[in-house]
Amino acid sequence: MSNNNETEFLLSELAKTAKASLEEATALHPGLYRSGEIHDLETSRIFAKEWLCPGRAADIPNPGDYLTYSIGDQPIFIQRGRDDEIRAFANVCRHRMMKLLDGTGSCKRIVCPYHAWTYGLDGQLIGAPYMDRSKGFDKTEISLKPVRIEIWHGWIYVTLNLDAGPVADALADFPDFLNLYKVEDYVPVVTQDHVWQTNWKLLAENFIEGYHLPIAHKATVGAGYRPDDIEPFENPSDAFTFHLFRKPPDAIVGNAHPDNSRLTGDWRNTSMLGVVFPSHLIVLAPDHLWYLSLRPKGADEVHIRFGAALAPEVFDAQKDPELEREKMIALFDMINAEDRFVVEGIFAGARAPLTEPGRLSWLEHMLHDFAIYLNAKIGGTEEK
Ligand code: FES
Ligand SMILES: [Fe+2]
């Protein structure tokens, strides 16, 4: 098959999967995970258009604190200003294109490591040595390029799409239980970046189904997961989907701390597993949260930003925060290793010539929502 024909075939398979009912649905066609053309469509129609999550506002609590990220080939940084406003900028010097900041940190001004052009926290160029003979050069006319940024329940979202509607509008139908958890107050404990050799959709799908939890994660978080107890959100939108699940009282994580007075009744052991499309994957529990933010780097590689945070009373009750942090990192290392094993394993399966899509369980309802989302974004030939 020529590439064009193959892409058409894969998109028609995607449409078939998306249009089936959940009771009749299958997994996606394996070719959708390995095709470079599908990756190109996802890049231009999804990742260049949608709101993406580089982290949480609580990751940069003080003026000058910054974190870096990228949208496709565009490096960006997000920084809290002196006025407490969080802004995003292109992470590229206005002189000769040097990348300005790496990783995370804090600074009072941004000094380019190449020729020391210097920018204020509002992006304004405030210093440019030896530019006095450059005719008409006026540093007050030069600023870093701003990038659109919004905050939703403490999560930062950025996009290069000037036409994208506000995040809060897209997520307006998200039930308001996030306010009960006061998720924006959760205290960050760890943020890490990883690169896995798999297709980003396999990792997203793995995150949003609980079917594998009691099996692939039986040594960790799967032990307390009761599949019969999940409560799918009945009205998934084109911007998000989730389900709620409940943990038994003896589960190692997932119960409210006695000092948590925000959550009452069943909410004290209820967690949410969900996704803000395309690639912000969230577990929100009464005692902690963790999330992944995925950026595909080709059909066969995904960059993962992983963050975990504790509910404030859980954070405050720690006797030895450093030790607790190490224990939390060790637990998430185990969970991530369990997921990496399956996600890289199924990517091998997706490349195998005899592979055909299998049927879905009702526990995989979010995979079906994901297929509907993908079809809406990359299905058809018209730019959306
Ligand atoms: S590239 Fe930044 S100062 Fe020259
Ligand atoms: Fe998992």
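**Note on the salt bridges and the iron site**

1. The structure, a predicted model, holds 14 salt bridges.

2. The iron ion (ligand 2) is coordinated by NE2 of His212, NE2 of His217 and two OD atoms of Asp339, at 2.0 to 2.7 Å. The angles among the 4 donor atoms run from 52 to 157 degrees, and the site is irregular.

3. The donor residues of the iron ion (ligand 2) follow the spacing H-x4-H-x121-D in sequence. His212 sits in the loop between α6 (200-207) and α7 (213-216), while Asp339 belongs to helix α9 (residues 321-351), so this pair ties together parts 127 residues apart in sequence. His212 is buried at 13% relative accessible area, and Asp339 is buried at 7%.

4. Glu313 and Arg262 form a salt bridge, with their closest N and O atoms 2.9 Å apart. Because Glu313 lies in helix α8 (residues 312-316) and Arg262 in the loop between β13 (240-246) and β14 (270-276), the pair ties together parts that are 51 residues apart in sequence. Glu313 is buried, with a relative accessible area of 9%, whereas Arg262 is partly exposed at 23%.

5. Lys99 and Asp102 meet through their side chains in a salt bridge of 2.7 Å, N to O. Lys99 is partly exposed at 38% relative accessibility; Asp102 is exposed, with a relative accessible area of 54%.

6. Another salt bridge joins the side chains of Arg148 and Glu150, at 3.7 Å from N to O. Arg148 counts as partly exposed, at 23% relative accessibility.

Key:
Residues are numbered from 1 along each chain as its sequence is written. Chains are lettered from A and ligands numbered from 1 in the order in which they are written. This is a predicted model: local features need pLDDT of at least 70, side-chain atom pairs count only at pLDDT 80 or more; totals for chains, interfaces and linings use all residues. Side-chain values use heavy atoms; hydrogens and water are left out. Donors are N, O and S atoms within 2.8 Å of the metal (3.2 Å for Na, K and Ca); water is not among the atoms, so sites may look incomplete. Four donors count as tetrahedral if all angles lie between 85 and 135 degrees; four count as square planar and six as octahedral if opposite donors are over 155 degrees apart and all others between 65 and 115; anything else is irregular. Helices (H or I, at least four residues) and strands (E, at least two) are DSSP runs, numbered from the N terminus. Buried means under 20% relative accessible area, exposed over 50%, partly exposed in between (1.4 Å probe, protein chains only). A salt bridge is a side-chain nitrogen of Lys or Arg within 4 Å of a carboxyl oxygen of Asp or Glu.
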